[in-house]
Amino acid sequence: MSAVAADIQTAPAAPAQGYWRAVTSRLLRDKLTVACALVILGLILMAVFAPWIAPDDPLKSSIFKRLQPIGAPGFPLGSDELGRDMLSRLIFGARLSLVMGIVPVLCALGIGGLLGITAGFMGGRTNTAIMRTIDVFYAFPSVLLAVAISGALGAGVLNAILSLTIVFIPPIARVAESVTTQVRSLDYVEAARASGAGSFAIIRVHILGNVMGPVFVYATSLLSVCMILAAGLSFLGLGTKPPLPEWGLMLNTLRTAIFQNPWVAALPGLMIFLVSFCFNLMSDGVRAAMDVTR
Amino acid sequence: MTLLAVNGLRKHFPLKKGLLGRGGGTVHAVDDISFDLTEGETLGVVGESGCGKSTTARLLVRLIEPDEGQIKLEGRAVGTAMPLAEARSKMQMVFQDSFASLNPRLTVEDSIAFGPVVHGLPRPRARERARGLLARVGLEPARFANRYPHELSGGQRQRVNIARALALQPRIVILDEAVSALDKSIEAQVLNLLLDLKAEFKLTYIFISHDLNVVRYMSDRVMVMYLGKIAEIGPSESVFAGTHHPYTRALFAAMPSMDPDRRTQQPPLIGDPPNPINPPPGCRFKGRCAHAEDICGRGDIALTTAGAAHRVACLIAQPGSGHSSAPARAA
């Protein structure tokens, strides 16, 4: 079989490594993405270990020490309008803010992904039924939809998460549907069907792996939007209820102090900005790392 | 022995027009095709692009549902007497695009083992079979089994696709332009591999290609298609003699010759094939045929026998058909 040997020699000398290993190694070489991931990781750790890190009780108020400036004794980042320690409140606020930024996107990823893949794989009438229903939700701007649902359900963390989940299902479902439709018509899916495989096996082995990547990247780009929307809901009084620390709500209550103590009032906004900025850069990095497959 | 019998296979694709109606006409992709496939032979299928070659292949493995027609495998009607899953394991397909036909997220080994696993073979045994097949198609399992498609060359990928098709131990392999995208040198290797595999596993091939030289090299019998219909079908030598159907003649005249003295300057065929949307009645080739007469447009033209096992859909070959060039009806 000398002919075969010749063919093998013309092969590229690519090292035998998996797709995800290649993506990971490419990600690790991207310094900016790694830095952003570290910031997010740090914030998550901060949220988890808040009771041990925070110097003070975030709910303890003091009438006499209201609106202390940054660096005041006992208040490294100042105090808010009720004299609570800003640093502690920012640290504890990360808990609710991150949960409200991440959980809705995860839920929407599950539900929207399922709907989109089903619609894309089945095609025809099923597709029309699912996608047109989803288009109804698209008719409303996302902020308005979130506010309307939250308003109808009443204030509260769980209701805010629920309304944000509903807001993010349509875009994720649409991306999942379009990617699935593309993948479904590829020859390897045809070949799998020709080998007598059922729909379930085809979706599990051939569709999911190729669809979830791009959908996941898209979902990470929604994290920052979700953070901001959640903060917005709290700002409007539809998310967290006082006195719980949450960045959006803190921004709202400190609003009145913006002329007395602008730096302290801006701190929660700065945190929201930092997190959404890191989420965005990270999703860009992941997208770039996954693009270079071929 | 007849392994596969295709009878009256038809597929029309309706075109959508506007928001609701289906008034846009229909594409007659495959129109009343019947042929038999004998065990152990290679049937070459040739024709211009858009003539229905690939649609026919997809209809055979039921990737597309036919509108009409019956497919009998081993004498049992597919879909009724023979379950679809069983028929699919006996008829496998190799596609043209070696990259698109492999899942980029699966190792070569897992891609080949997928079919057997789906049919109930335990995973370790399916992997074993995959490795055996990899070795058989000339890819050393130790080096290639755990690679991903993007780490292989086009020729290697197509070898993997062939191994994948063989993993279900099929009787018929449909090669849909399977070597068309490969370099000439690699193409020859893969063709020889296909011939070896055919002998070893007692396979029957349906070999679809637009490359007439390759079809001639591979095929025992050749089927010429034009606009969804069979123009001519018969033994390879007899069809390649090109004496029966004017379309076949034109098609073979378009083959580039290796002999400079025999090179033609004239285009053998003028114009594009007519639109397959609502084609006119009668012979579909008549618009481009030098021998077309009024009678060619009157009705459907049946395949008529023109020599041993050779059938042609042309009035000229049909004695007593009324065409001026046709021989008189035998008494």
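Helix 3 of chain B crosses helix 4 of chain B in a right-handed manner, where a crossing is right-handed if the near helix is turned clockwise from the far one by less than a right angle, and left-handed if anticlockwise. The model is a predicted one, in which local features need pLDDT of at least 70 and side-chain atom pairs count only at pLDDT 80 or more, while totals for chains, interfaces and linings use all residues. Residues are numbered from 1 along each chain as its sequence is written, and chains are lettered from A and ligands numbered from 1 in the order in which they are written.

Helix 3 (residues 108-118) and helix 4 (residues 123-136) of chain B pack at about 120 degrees, and their axes lie 8 Å apart. Axes are lines fitted to C-alpha atoms, for helices over the stretch in contact, and angles run from 0 to 180 degrees between N-to-C directions. Helices (H or I, at least four residues) and strands (E, at least two) are DSSP runs, numbered from the N terminus. The angle makes helix 3 of chain B oblique to helix 4 of chain B; angles under 35 degrees count as roughly parallel, over 145 as roughly antiparallel, 65 to 115 as roughly perpendicular and the rest as oblique. Residues in this contact include B:Ile112 and B:Val117 of helix 3 of chain B and B:Ala130 and B:Leu134 of helix 4 of chain B. Two residues are in contact if their C-beta atoms, placed from the backbone, lie within 7 Å. By class, the contact of helix 3 with helix 4 of chain B comprises nine nonpolar, no polar and five charged residues (Ala, Val, Leu, Ile, Met, Phe, Trp, Tyr, Cys and Pro count as nonpolar, Asp, Glu, Lys and Arg as charged, and the others, Gly among them, as polar).

In chain A, helix 3 (residues 31-48) packs on helix 5 (residues 86-122) at about 110 degrees, with 8 Å between the axes; the two helices of chain A are therefore roughly perpendicular. A:Leu43, A:Ile44, A:Met46 and A:Ala47 of helix 3 of chain A meet A:Ile91, A:Ala94, A:Arg95 and A:Leu98 of helix 5 of chain A. This contact between helix 3 and helix 5 of chain A has seven nonpolar, no polar and one charged residues.

Chain B contains an open sheet of four strands in the order 2-1-4-5, with antiparallel pairing; strands pair if DSSP finds at least two bridges between them. Strand 2 (26-38) and strand 5 of chain B are at the edges with a single partner strand each, so one side of each lacks a neighbour in the sheet. Helix 1 (residues 53-60) of chain B packs on this sheet and touches strand 1, strand 2 and strand 4 of chain B. Strand 1 (residues 2-14) and strand 4 (residues 68-73) of chain B run antiparallel, joined by five bridges. B:Lys72 in strand 4 of chain B stands opposite B:Ala5 and also opposite B:Ala77 in strand 5 of chain B. Strands 4 and 5 of chain B form a hairpin with two residues between them, and B:Glu74 in the turn has a positive phi of about 50 degrees.

A further open sheet of chain B has eight strands in the order 6-7-8-3-9-10-12-11, with mixed pairing. Strand 9 (residues 221-226) and strand 10 (residues 229-235) of chain B pair in the antiparallel sense over six bridges.
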